[in-house]
Amino acid sequence: MNHLGDANLRTWTLRVTALLAADTQDQLAWLGERELETKDVVGEVELMCRVSEGLAERGAFEPEDQRHLRAIGRRIGEIDVTRRDGPWDNALATDSAWNDIRSLARQFLLTRLGDWHQPLPRLVPPPMGDHRSASSRRRRPAV
């Protein structure tokens, strides 16, 4: 087992899940003026769910944790391709799937950490020399 790698991936999973579990107002405040595409958030969550399978096999997550993460993965997979287009802030306000995902993420954090209120991940700044307009840049959560 790669303890350092698994620890980093576990931390990343908890951070992504904390963002999914946050109240809509907190998610929107976290986004601020940044544009994050819904399809990119869906892709990050799908990756998190795939990675968590390996982490569970190596003992970084308990079977109960994995049941919750699989439920998040199933629900995110049910989001229709057409509803993945556009900014995530719009999806948070209009697509009830994100309420379901929020509830599932909270259940996971309650089981794993005893409280779903967790610090939100910090944002990674755009690369140096990125001269695109602020509205055309996408920001990703830090891992």
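## Basis and overall make-up

Because the model is predicted, local features need pLDDT of at least 70 and side-chain atom pairs count only at pLDDT 80 or more, whereas totals for chains, interfaces and linings use all residues. Residues are numbered from 1 along each chain as its sequence is written, and side-chain values use heavy atoms, with hydrogens and water left out.

The protein chain holds six helices and zero strands, where helices (H or I, at least four residues) and strands (E, at least two) are DSSP runs numbered from the N terminus. Read from that terminus, the order of elements is α-α-α-α-α-α. Of the 143 residues, 41% count as buried, meaning under 20% relative accessible area, with exposed over 50% and partly exposed in between (1.4 Å probe, protein chains only). Among contacts (heavy atoms within 4.5 Å) between residues at least 6 apart in sequence, 73% join residues at least 24 apart.

## The nonpolar core

A nonpolar core is here a set of buried Ala, Val, Leu, Ile, Met, Phe, Trp, Tyr and Cys residues joined through side-chain atoms within 4.5 Å. The largest one has 35 residues, and those with the most contacts inside it are Leu20, Val45, Met48, Ile72, Trp88 and Trp98. Two or more residues come from each of helix H1 (3-21), helix H2 (24-31), H3, H4, H5 and helix H6 (97-113). Val45, leaving aside its neighbours within four places in sequence, is in contact with Val16, Leu20, Ile72 and Ile76.

The axes of helix H3 (residues 38-57) and H4 come within 9 Å and cross at roughly 150 degrees; axes are lines fitted to C-alpha atoms, for helices over the stretch in contact, and angles run from 0 to 180 degrees between N-to-C directions. The two helices are therefore roughly antiparallel, given that angles over 145 degrees count as roughly antiparallel, under 35 as roughly parallel, 65 to 115 as roughly perpendicular and the rest as oblique. The residues in this contact include Val42, Val45 and Met48 of H3 and Leu69, Ile72 and Ile76 of H4. By class, they divide into eight nonpolar, four polar and three charged, with Ala, Val, Leu, Ile, Met, Phe, Trp, Tyr, Cys and Pro counted as nonpolar, Asp, Glu, Lys and Arg as charged, and the others, Gly among them, as polar.

For H1 and H3 the axes come within 10 Å and cross at roughly 140 degrees, and this pair is therefore oblique. Among the residues that make the contact are Leu9, Val16 and Leu20 of H1 and Val45, Met48 and Leu55 of H3. Nine nonpolar, two polar and three charged residues take part.

## H4 against H6

The axes of H4 and H6 come within 9 Å, crossing at roughly 170 degrees, and these helices are therefore roughly antiparallel to each other. Residues of H4 including His68, Leu69 and Ile72 meet residues of H6 including Trp98, Ile101 and Phe108. The contact of H4 with H6 has ten nonpolar, three polar and five charged residues.

Leaving aside neighbours within four places in sequence, Gly86 is in contact with Leu36, Glu37 and Thr38. Gly86 and Glu35 are 51 residues apart in sequence, while their C-alpha atoms are 9.3 Å apart in space.
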